[in-house]
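I opened the model today and went through it piece by piece. These are my entries, in the order I looked things up.

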Amino acid sequence: MILLQVIVDGLLLGAVYALFSSGLTLIWGMMNFINFAHGEFVMLGMYVALLAVTWIGGGPVVFGLAAALGLFLLGVVIYFALIRAVMRGPMLAQILSTFGLALLLRYAAFWVFSPNFVTLPRSVLSGTLRLDGILLSVPRLAAGLAAAALTLGMHLLLTRTALGSRLLAVAEDRDAATLMGIRPDRMQAFAWGLAAASAGIAGALMAISFPFSPAVGETFALTAFVVVTLGGFGSVPGAMLAGLLVGLIQGLSAYWLGPVYKDVVVYGLFVALLWLRPQGLLGAA
Amino acid sequence: MTRRGWVVLAAALLAYPWAVAGSDGAAFLQDMGALVLLAAIGASAWNILGGYAGQISVGHAMFFGAGAYVPLLVYQHWQAPPLLGVPLGVAASLGIALIVGHPTFRLAGHYFSMATIAVAELVRIMVGNWDFLGAAIGLQGPATGRGWYDLTFRSAVPYYYIFLAVLALLLAVTAQMQRSRLGYYLHAIGAGERAARSLGVPVRRYKLYALLLSAGFTSLAGSLYALKTGFVDPDSGLGILVSVQMIITAALGGAGTLLGPLLGAAILVPLQTATNTWFGGGGSGLTYVIYGGVIVLIARFEPGGLLELWHRRAAARLARRGRVRHAA
């Protein structure tokens, strides 16, 4: 029974991993660009949620939207101020730019919010459901289901709408897309906004049930790398599947080996995967 | 750089501890000088792989950590002089480099950076839970030296000259490399791996040579750090910020240039000391805000680093002068 509990909790957290990783994989797929500050976007989503709860009040929908909107704007601003120029530069500049951004955001958050762990007020969403002997925490259940729905929404947005087609067209061939009357700059800015927003909502969803500090971003960034590599770079369905898998593996290794080793197992798996199958589980050879 | 430039630089570096000896904060300034040289060693070592060969490793903390841990380990467990652990640390680093190099070098660009972060974090977490290596508490060196061989000095000056000697050796090796086949091949790899391969450069093998050279010297930097501070824990020896410090130092001065890392260290270390002094304990957070800002600005406006900026301005000045003479 405990094992079942571990599996369910792992999958629910994994759905949130899938959500923020799908943002990272979108950027990778469109521009061959890894955003090393993606974990910091998740962290900022958590703090935006906290600020929204304290200033505006209201439930998860309010602070979830606040986090999404706030991070969307941040993503767009970062694209125009930094990424657009860096994309044309050397590899060193590309890697350094988001790396520096990660440091800047993380330690600015230290400065503003203090390095201590904080939590959202319990009153936001709480309670547990008992189901066949497993205890389902309502916040985690809500977070997992909302994240799964949003990841699916992102997939549908990319595959079933005109906007998604334009995004994918730019990803496919920037110059050809320009000839078809698509402005790649706008599409890429939108993708950065979308990716940051997905990280922001994911952060807000996790903030309900987990305490957080400015330092949490680093772990999320690495988790997102693992998920994106596992699912195949650029694939949202791949990220969905891999996110669930990583959540499950983390839960099980924490249960069997001890909580300290949950990241060791995941990072080890990541390195092994890069070694054996760099194209990902679903990617073509 | 001209021969005279080198002589001036060497003389300035040799004279620095004497020059500041008379001032009020002599001990403070000498210590900072030693820290500048140490940062320059780490960044120059990273520069061989990251600057010349263009492989942006964010995991060099594992080599630095091996170099820092092994000397203190041989002291803590067997009371051996930490100095004895220095070559062992280098050997351990080369071993790690061989193991890690094989899988990660199949990856290019961003993938390589991601993989190196993951491996380094893996090492950090494992060391932090391994009692033999001091777990989360870390390891300590001899509090007071039992003899010269323990290399515990009260003053920073002996460390300064030891660091200077190692830096001189490293820069001599790098300069020699620049002029050799290895240097040309690495430059070609850095400019474009596929192009280099199509021209017949054995890319994998030469990347591995660069990694081994880089890892060995990074390990030395770690050992020197441990000898000077007499203490290492998972964060100070293996944390991601250790790698970040090397990267930003090299990139600020100029990645892939001989003296860029030294220039970067000469700017960043005093900056860090200043923010820590002005803002007290909370200043460490601010230091990294500044670091982050500096990295972003370099990446955005001057990816070649300050040395390239300098060269460009010098070239522009020369061209202007030439035009004036031509007009006359």
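**Entry 1: a helix in chain B**

Helices here are DSSP runs (H or I, at least four residues), strands are E runs of at least two, and both are numbered from the N terminus.

I then checked burial in this helix. I call a residue buried if 20 or more other C-beta atoms lie within 10 Å of its own, exposed if 12 or fewer, and partly exposed in between, with C-beta atoms placed from the backbone. In helix 11 of chain B, 13 of the 14 residues are buried, so the helix is largely enclosed by the rest of the structure. Just after helix 11 of chain B comes B:Gly254, with a positive phi of about 145 degrees.

**Entry 2: ground rules**

I noted that this is a predicted model, in which local features need pLDDT of at least 70 and side-chain atom pairs count only at pLDDT 80 or more, while totals for chains, interfaces and linings use all residues. Residues are numbered from 1 along each chain as its sequence is written, and chains are lettered from A and ligands numbered from 1 in the order in which they are written.

I looked up the confidence next. pLDDT is the predictor's confidence in each residue, from 0 to 100. Chain B has a mean pLDDT of 88, and 97% of its residues reach 70 or more. For the complex, the predictor gives an ipTM of 0.84 and a pTM of 0.88.

**Entry 3: the two chains**

I found eleven helices and two strands in chain A. Along the sequence the pattern is α-α-α-α-β-β-α-α-α-α-α-α-α. The radius of gyration of chain A is 18 Å, close to the 19 Å that the globule rule gives for 285 residues, so chain A is as compact as a globular protein of that length. The radius is taken over C-alpha atoms, and the rule is 2.2 Å times the number of residues to the power 0.38. The C-alpha trace of chain A spans about 60 × 45 × 35 Å along its principal axes. Of its 285 residues, 54% count as buried.

Chain B has 14 helices and two strands. Its radius of gyration is 20 Å, which agrees with the value near 20 Å for a compact globule of 328 residues. The C-alpha trace of chain B spans about 75 × 55 × 35 Å along its principal axes. Buried residues make up 51% of chain B.

**Entry 4: where the chains touch**

A contact means C-beta atoms, placed from the backbone, within 7 Å.

**Entry 5: helix 9 of chain A**

I checked the length of helix 9 of chain A. Its 16 residues should span 22 Å, and the end C-alpha atoms are 23 Å apart, which agrees. A:Gly232 follows helix 9 of chain A, with a positive phi near 95 degrees.

**Entry 6: two single residues**

Is B:Tyr291 buried or exposed? B:Tyr291 counts as buried, with 24 C-beta neighbours inside 10 Å. I placed B:Tyr291 in helix 13 (residues 283-301) of chain B. Leaving aside neighbours within four places in sequence, B:Tyr291 is in contact with A:Leu103 and B:Ile248.

A:Thr161 sits in the loop between helix 5 and helix 6 of chain A. A:Thr161 is exposed, with 11 other C-beta atoms within 10 Å.

Note on methods. Expected span 1.5 Å × (residues − 1). Contact = placed C-beta atoms within 7 Å.
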